[in-house]
Amino acid sequence: METDERKTRLTRRSVLWLGGGTLGAIALAACGQATMPAATDEAPAAEEQEAEAKEPEPQAEAVVMDWALWGDSTWVEAAQAGADAYTAENPNVTLNVLGVKDSPSVYITSWVAGSGPDIAMTWGVNLVQAGRDGLLLDMDPYIKRDSFPMDDYIPFQLGAMRWPETGQYGLPMYINVYVLWYNRQVFDKQGISFPDDNWGWDEYQDALLRLTDRPNTVFGGVDAGWGRGIWKIVQNGGTIVDPENDRHATFDSPEAIEAMEWVHARYHQDRSIVHGEEWAALDRAKVQALMQGTLATWEEGSWGPGQYSIDYPDNVADWDVVPLPQGPVARATQGSIDAWVVWANTKDPDTAWDFMKFLQTDTYLDLQCQIASIQHPRASLQDRYISIMKENFPALADKNLDAFAHPVRGKYAWPNGGLFRKDAEVFGILAEAWQTAIVEDKITVAEAFTDGAARANALMAE
């Protein structure tokens, strides 16, 4: 059955065709020109005979493409709606939408074996591995040919989807950026002004401490995990990896150690961030704790507003969001690298690239947001994202959803993968340093991150 959008597109196309034919003839008549030749016994002119004798225009060759994605039913529903919209405009193309429940590693296995989907969704280690192993189409020639607007994305996100040896092997599916969620009721109770875009580390630290009320089981914040926490290194003017050398980890620099010591102090000096066994003993989800006032703040992503408004309808008025507090030197937050990719041996790379471009249009990104509530990755489309979310979820009407657009417009979200020459192994080392020094307080931050960087560099030098 055709979707309403597809019917609309077909109807619009018919109107445009009429505009060039019937309506055009009416316009000519209004100008005093004949719309049909007068009846005559004369033979048709030679040029008319020639036109009648011309062969019909050749039809585009039929193409069948397999499009695989992982995710819940709403993602698959959005994909099917997108496939319908694309094939309505490209009737020679058939898109088989494959909802895959297994890890994207299954794509790699099938591609290595010589088969698999033409277009797929992947992320993280699987994305990086497939791209660097040459299993994915190098899109650089197409990007250059079509002047594709690469400057409309966060550079760090695109950078995680390219490799010098294999070119640009992915384009964003969406963006999931992290901001500061906060419970309004807890702030009001403690007489603290709500956070705003101008908050820095000092304001954040002061609020976390004042908001913590252990006798009443209220905490300023909660352990967000190493993947979100390490970007405070960038906020403090440091780097995670040398921008010019992906074999050189730099999370042992003075700026990095200072940033991690700031985090450590919130865990163990102020005790304003709940973590470890104390958090586990509360036995509740972080979102539940935020909604119910156990947590005053939480660093969480843009995938949540719509879902949380459904799951916690009685608490919608209790929360809002702002950009993460800016560091002493810069703003930085974590962003996703979930990507659309094309198999290097796809049967029709030109069609695959054309479809990849469609997946980056407002037509498809709007559909994806309407159905699956996920954020547009392009800076120029952030107002559309906000508008669609508030239209689909009226309960979000007064929410500061611009907080999610802020890192995309400002292009300061950093990727959660694709940084190091040996990504998975180095991220494992970072996770270990975070756990032993910051969460468990077993060794000093300087020891953990200096040793970790040395191990990472030795590993990547092999």
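Before we start, a word on classes: Ala, Val, Leu, Ile, Met, Phe, Trp, Tyr, Cys and Pro count as nonpolar, Asp, Glu, Lys and Arg as charged, and the others, Gly among them, as polar. Keep in mind, too, that you are looking at a predicted model.

**The whole chain**

Start with a cartoon view. The secondary structure comes to 22 helices and 16 strands. The chain has 462 residues, and 51% of them count as buried. Take the contacts between residues at least 6 apart in sequence: 72% of these join residues at least 24 apart.

**The largest cavity**

Searching the whole structure turns up two cavities of 30 Å³ or more. The largest has a volume of about 160 Å³. Select Tyr 204, Val 222, Lys 232, Ile 273 and Glu 299, which are the closest to its centre among the 16 lining residues. Two or more lining residues come from each of α10, β8 (221–222), α13 and β12 (297–301). What classes do the residues of this lining divide into? There are ten nonpolar, four polar and two charged.

**Helix α10**

Stay with α10 and show its side chains. Trp 201, Tyr 204, Ala 207, Leu 208 and Leu 211 are buried here. Turn the view until you look down the helix axis: the buried residues fall within an arc of 135 degrees, so they line one face of α10.

**The second largest cavity**

The second largest cavity has a volume of about 40 Å³. To see its lining, select Tyr 178, Arg 228, Trp 231, Lys 232, Gln 235, Glu 299, Leu 324, Ala 332, Thr 333 and Gln 334. By class, the lining has four nonpolar, three polar and three charged residues.

**Val 179**

Next, pick Val 179, in strand β7. Is Val 179 buried or exposed? Its relative accessible area is 0%, so Val 179 is buried. Show what surrounds it: leaving aside neighbours within four places in sequence, Val 179 is in contact with Trp 298, Glu 299, Glu 300, Val 321, Val 322, Pro 323, Leu 324, Ala 403 and Phe 404.

**The largest nonpolar core**

In soluble globular proteins, nonpolar side chains tend to be buried together. For the largest nonpolar core here, which has 49 residues, select Ile 240, Phe 251, Met 260, Phe 420, Leu 430, Ile 438 and Phe 449, the members that touch the most others. Elements supplying at least two residues each include β7 (178–183), α13 (254–268) and α22 (445–461). The largest share, nine residues, comes from α21.

Zoom in on Phe 449. Not counting residues up to four places away in sequence, Phe 449 touches Phe 251, Asp 252, Ile 257, Met 260, Leu 430, Ala 433, Trp 434 and Ile 438. Apart from this core lies another, of 36 residues, with Met 121, Ile 143, Leu 171 and Met 173 among them.

**Helix α6**

Select residues 124–132, helix α6: seven of its nine residues are buried, so the helix is largely enclosed by the rest of the structure. The buried ones are Gly 124, Asn 126, Leu 127, Val 128, Ala 130, Gly 131 and Arg 132. They pack against α5 (105–112), β3 (119–122), β4 (162–163), β15 (339–342) and α21. After α6 comes Gly 134, with a positive phi near 80 degrees.

Among the residues lining it are Asp 72, Trp 75, Trp 303, Gln 307, Ile 371 and Phe 393. Here α16 gives the largest share of the lining, three residues.

**Last stop: Ser 387**

Finish at Ser 387, in helix α19 (residues 382–392). With 42% relative accessibility, Ser 387 counts as partly exposed. Ala 397 is ten residues from Ser 387 in sequence and 9.4 Å away in space, C-alpha to C-alpha.

Notes
Residues numbered from 1 in each chain as written. Predicted model: local features only at pLDDT ≥ 70, side-chain atom pairs only at ≥ 80, totals over all residues. Heavy atoms only, no water. Core = buried A, V, L, I, M, F, W, Y, C linked by side-chain atoms within 4.5 Å. Buried < 20%, exposed > 50% of the residue type's maximum accessible area, 1.4 Å probe, protein only. Helix = DSSP H or I, 4+ residues; strand = E, 2+ residues; numbered from the N terminus. Contact = heavy atoms within 4.5 Å. Arc of directions from axis to C-beta. 1 Å grid on protein atoms, 1.4 Å probe; cavity = no way out; pocket = protein on both sides within 12 Å on 5 of 7 lines; lining within 4 Å. Points joined across faces, edges and corners; volume = space filled by probe spheres on them.
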